[in-house]
Amino acid sequence: MSLQFSSACNFALSHRKLDRIRAVASNDFVKVKTQEDNLVQLGGSDLKLTKLGIGAWSWGDTSYWNNFEWDDRKMKACKNAFDASVDSGITWFDTAEVYGSRFSFGAINSETLLGRFIKERKNKYPEEEIAVATKFAALPWRLGRQSVLSALKDSLSRLELDSVELYQLHWPGIWGNEGYIDGLADAVEQGLVKAVGVSNYSEKRLREAYKQLKKRGIPLASNQVNYSLIYRIPEENGVKATCDELGITLIAYSPIAQGILTGKYTPQNIPTGPRGNIYTAEFLTELQPLLNRIKEIGQNYNKTPTQVALNWLIAQDNVIPIPGAKNAEQAKEFGGALGWRLTSDEVNELRDLASKSKPVMGFPVEKL
């Protein structure tokens, strides 16, 4: 009797144990599946990134952001933003050698900060994969392909990395663009980068860069441009259509229009600093119907206006938005833009409403 009871107990316990193993395996499968669903291939490259990245333009900056000052409190907030992003499943970050200008008092280079954050995170969680995108500044005195490689190696030194996932030309040069493109291809062949892209490139320049890289057997993975609900120039100047045609991913910077689409600014509360000259009280007055509708749609999904504005871009397909996160709260909120989707009717309605306000000023080099 005791033997039978013991056997029965062992049988029951073994099945409970098996059920627990199955449950854990099932949860792991769901987790992996969720992570895979959150990834997208970057253009024709082999690189896969999360459907939303984090822009690090403001990190260390004293020339445009942070009310022209930088201190330990702001650095801690950026570190918290970095950690919160990774915790939310957003695992790639976009920076540039010119972010956090060395000529601005108190500034710290954004690449230096990002590299420091990655190193600290890796010490705690060595298994985590974090992707980095940075950019080459096409300054007039930089000539030839070697200038790209030299700048990249300087960026890698600041980042304390052997390679980065994506290297981009920050803007087209006044001259020397063919040499810059060859420099990108050289970087891939030397194993310093996994994929290459451009930024602020017009349709004509995009096609030229794509064609030149193709001769080297290297895909042009991305074009990073200003794109949001209230700045839809890429839809009008052929850039978005060309990206779709050639299989180039469009990376959208300023996707929430430097905070305007969050809804926190009003005609009575305009942004501080240089943004106040762009997003004036008059402009914000015209924008209120759009902002009100974004808020209403968000309430239907239990989402914030920020999450709706980001999801609108994701719904365009072949678009990865990279909002800038200055603190953990913003980073966590951005994560809520993933895992759901606006309907096509809502996407079109918001575009129609946005078209009723005058367009904002873009980055002048787009017209070079």
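This is a predicted model: local features need pLDDT of at least 70, side-chain atom pairs count only at pLDDT 80 or more; totals for chains, interfaces and linings use all residues.
Residues are numbered from 1 along each chain as its sequence is written, and side-chain values use heavy atoms, with hydrogens and water left out.

**Aromatic pairs**

Rings of Phe, Tyr and Trp (the six-membered ring of Trp) pair if their centres lie within 6.5 Å, with planes under 30 degrees apart called stacked, over 60 edge-to-face and the rest tilted. By this rule the count comes to six aromatic pairs. F82 and F93 form a tilted pair, with 4.8 Å centre to centre and 35° between the planes. F82 lies in helix α2 and F93 in strand β4 (residues 92-94), so this pair ties together parts that are 11 residues apart in sequence; helices (H or I, at least four residues) and strands (E, at least two) are DSSP runs numbered from the N terminus. Both F82 and F93 are buried, and F82, F93 and F117 form one aromatic cluster.

Y227 and W312 form an edge-to-face pair, with 6.2 Å centre to centre and 65° between the planes. Y227 lies in the loop between β8 (220-226) and α7 (233-236) and W312 in helix α11 (residues 305-314), so the pair ties together parts that are 85 residues apart in sequence.

**Helix packing**

Axes are lines fitted to C-alpha atoms, for helices over the stretch in contact, and angles run from 0 to 180 degrees between N-to-C directions.

| Helices | Angle | Axis distance |
|---|---|---|
| α2 (residues 72-87) and α12 (residues 328-335) | about 25° | 7 Å apart |
| α10 (residues 281-301) and α13 (residues 344-354) | roughly 160° | within 9 Å |

Helices α2 and α12 are therefore roughly parallel to each other, a term for angles under 35 degrees, as roughly antiparallel is for those over 145. The contact, meaning heavy atoms within 4.5 Å, is made by A77, N80, A81, A84 and S85 of α2 and A328, A331 and K332 of α12.

Helices α10 and α13 are therefore roughly antiparallel to each other. Their contact is made by P289, L290, R293, I294, I297 and Y301 of α10 and E346, E349, L350, L353 and A354 of α13.

Methods:
Angles under 35 degrees count as roughly parallel, over 145 as roughly antiparallel, 65 to 115 as roughly perpendicular and the rest as oblique. Buried means under 20% relative accessible area, exposed over 50%, partly exposed in between (1.4 Å probe, protein chains only).
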